[in-house]
Amino acid sequence: MRRMCVAMVLVAWMSMVADAQAPAAEKSAGRTEEYIDLRAGFRVTLPSGLERQDMRSASQVVSWTHRDRKTGAIDWTISVNSMRAVGGMTMRQQMDDITATLKEKEHFEIESATIIKVGQDDAIDVKGTVTVEASGRSAGKVQWWQRQVWVRHGEKFLTWRITGPAQAEAEMNKVMTALLGTLTLIDAKQALAEREKNLAAGTAWLAKLNAADLAKRIQAVPEQWFAVTQDDKTVGWAVLTFEADATGVTTRLFISTESGDVSSSAHATFDRTSATGAIRYRFPAKSWQMKEQSALNRGTLSVTEFGDRGNSRTRTKQVPTDTFLPAAMVQALPLLVDRTKPVTMSFAVNTPQDPRFDVCTVRVGEERELAVGDKTVKAVPIEVQQAEDKGADVYWLTADNTFPRVESANGYRMTLSTKAAILKKFPNAKPE
């Protein structure tokens, strides 16, 4: 279960505003995103804004493209393949075998091939040019510069390739070196077993939900106004509200930044038999556009996605009722879980672009002191990993049910403020 889920929590909406209109190359400036693959067994930090591709071969794990900010043309690509290592060979022998194969089968003109360390792991680093036969208007031979890094991972190699025009060699080298500096290998068997344990814990928690108790927790949460910052610069503001009665919870979040506005609202019954949700966005000086609507009715989930040109697509699917969590409850997770002791739980959440469901994981830490401006408060850090392949956002929650700070995995931060302070800096601030 992969890809970004619709059941996003607070900070996800901030990245949606910025990403909705900025070209990929522009989006990546100053921000990074963590990508996690439990089955292939790795985690890595990438420039934000890369476009993930769905096309895969038998050996390909994942691939991304980087586009020119003006033309939209592809600058370069990164791909990851999983290749079985030949048993009984040293790394030097493996390198000789790999380079011989690249020359013969991929027409790879090798400039250099060395053995390096990626973290604590051995890797084979190959650089050179690849010649391919192009078709269509560009018929003929086309040459690309490529760097391949084969990282040994148990009985396999994780092969990282970055490919693009020769004039982008310096940039691609820099990107690959930075990427490898963040690469961490994961024991896939252990990680998947941990996921199953966390899903079981989430299922057990859902089976014991007490609607009246949850309603009381939500009713004690005040309306909260935040300053939104990136790289220590204030880029906007946000308002968060929770409402509840004996049957369910309603969450609303409005975020306004230099890039545009996002308004999200969601409702779910505590027994999870019905739910609704909506996301809207607005670019500067433009009218509101619907992004997404969803509705859950006793196990059948219907999600309608709206395109920028007014087109739409609706998906209907059956939810895994024993562990499924609607969007409103995902957004309220930091308030709903027991924060008196450390705990980890996982749930199934909706993936709008895919017929499958994703995994959302919440991890409750121990209370500690947090510096917020010139004050120090006691708060519990609650990590919410919105999707299995994403890094976690951190929600700091105090005993009086306020969030002094929310830190997103991609560099945004929401810091608790007051309505008066926000209006002083943004006189027209008003949730819509």
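Leaving aside neighbours within four places in sequence, which residues is Leu325 in contact with? Here are a few notes from my look through this predicted model, starting with that one.

1. **Leu325 and its surroundings.** Setting aside residues within four places in sequence, Leu325 is in contact with Leu206, Arg272, Val330, Leu333, Phe347, Ala348 and Val349. Leu325 also belongs to the largest nonpolar core, which has 51 residues. Leu325 is listed there among the residues with the most contacts inside that core, together with Trp205, Phe242, Leu333, Phe347, Val362 and Phe403. Apart from this core lies another, of 27 residues, including Phe42, Val44, Leu158 and Met176. As a general background, nonpolar side chains tend to be buried together in soluble globular proteins.

2. **Phe324 and Phe357.** Phe324 and Phe357 form an edge-to-face aromatic pair, with 5.6 Å from centre to centre and 75 degrees between the planes. Phe324 sits in the loop between strand 18 (312-318) and helix 7 (327-331), while Phe357 is in strand 20 (residues 357-364), so the pair ties together parts 33 residues apart in sequence. Both Phe324 and Phe357 are buried.

3. **Tyr35 and Trp64.** The aromatic pairs come to eleven in total. In one of them, the ring centres of Tyr35 and Trp64 are 5.2 Å apart and the planes stand at 90 degrees, so this pair is edge-to-face. The pair links distant parts of the chain, with Tyr35 in strand 1 (residues 32-37) and Trp64 in strand 4 (residues 60-67), 29 residues apart. Tyr35 counts as buried because its relative accessibility is 3%, and Trp64 is buried too, with a relative accessible area of 4%.

4. **A charge over a ring.** Another spot worth a visit is Arg280. Its charged end sits over the ring of Trp288, 4.2 Å from the ring centre.

5. Strand 12 (residues 233-244) pairs with strand 11 (residues 224-230) in the antiparallel sense over seven bridges. Ala227 has Trp237 in strand 12 as its bridge partner. The hairpin of strand 11 and strand 12 has two residues between the strands, and Asp231 takes a positive phi near 55 degrees there. Strand 12 also pairs with strand 13 (residues 248-257), again antiparallel, over nine bridges. Here the bridge partner of Glu243 is Thr250, in strand 13. Strand 12 and strand 13 form a hairpin with three residues between them.

6. **Gln146.** Beyond residues up to four places away in sequence, Gln146 touches Glu106, Phe108, Val126, Lys127, Gly128, Val130, Arg161, Ile162 and Thr163. With Thr163 there is a polar contact between the two side chains, at 2.8 Å. The C-alpha atoms of Gln146 and Thr129 are separated by 5.7 Å, although these residues are 17 apart along the chain.

Conventions. Residues are numbered from 1 along each chain as its sequence is written. This is a predicted model: local features need pLDDT of at least 70, side-chain atom pairs count only at pLDDT 80 or more; totals for chains, interfaces and linings use all residues. Side-chain values use heavy atoms; hydrogens and water are left out. Contact means heavy atoms within 4.5 Å. A polar contact is a pair of N or O atoms within 3.5 Å; within protein, one must be able to donate a hydrogen and the other to accept it, and residues adjacent in sequence count only if both atoms are side-chain atoms. A nonpolar core is a set of buried Ala, Val, Leu, Ile, Met, Phe, Trp, Tyr and Cys residues joined through side-chain atoms within 4.5 Å. Buried means under 20% relative accessible area, exposed over 50%, partly exposed in between (1.4 Å probe, protein chains only). Two strands pair if DSSP finds at least two bridges between them. Helices (H or I, at least four residues) and strands (E, at least two) are DSSP runs, numbered from the N terminus. Rings of Phe, Tyr and Trp (its six-membered ring) pair if their centres lie within 6.5 Å; planes under 30 degrees apart count as stacked, over 60 as edge-to-face and the rest as tilted. A charge sits over a ring if NZ of Lys or CZ of Arg is within 6 Å of the ring centre and within 35 degrees of the ring normal.
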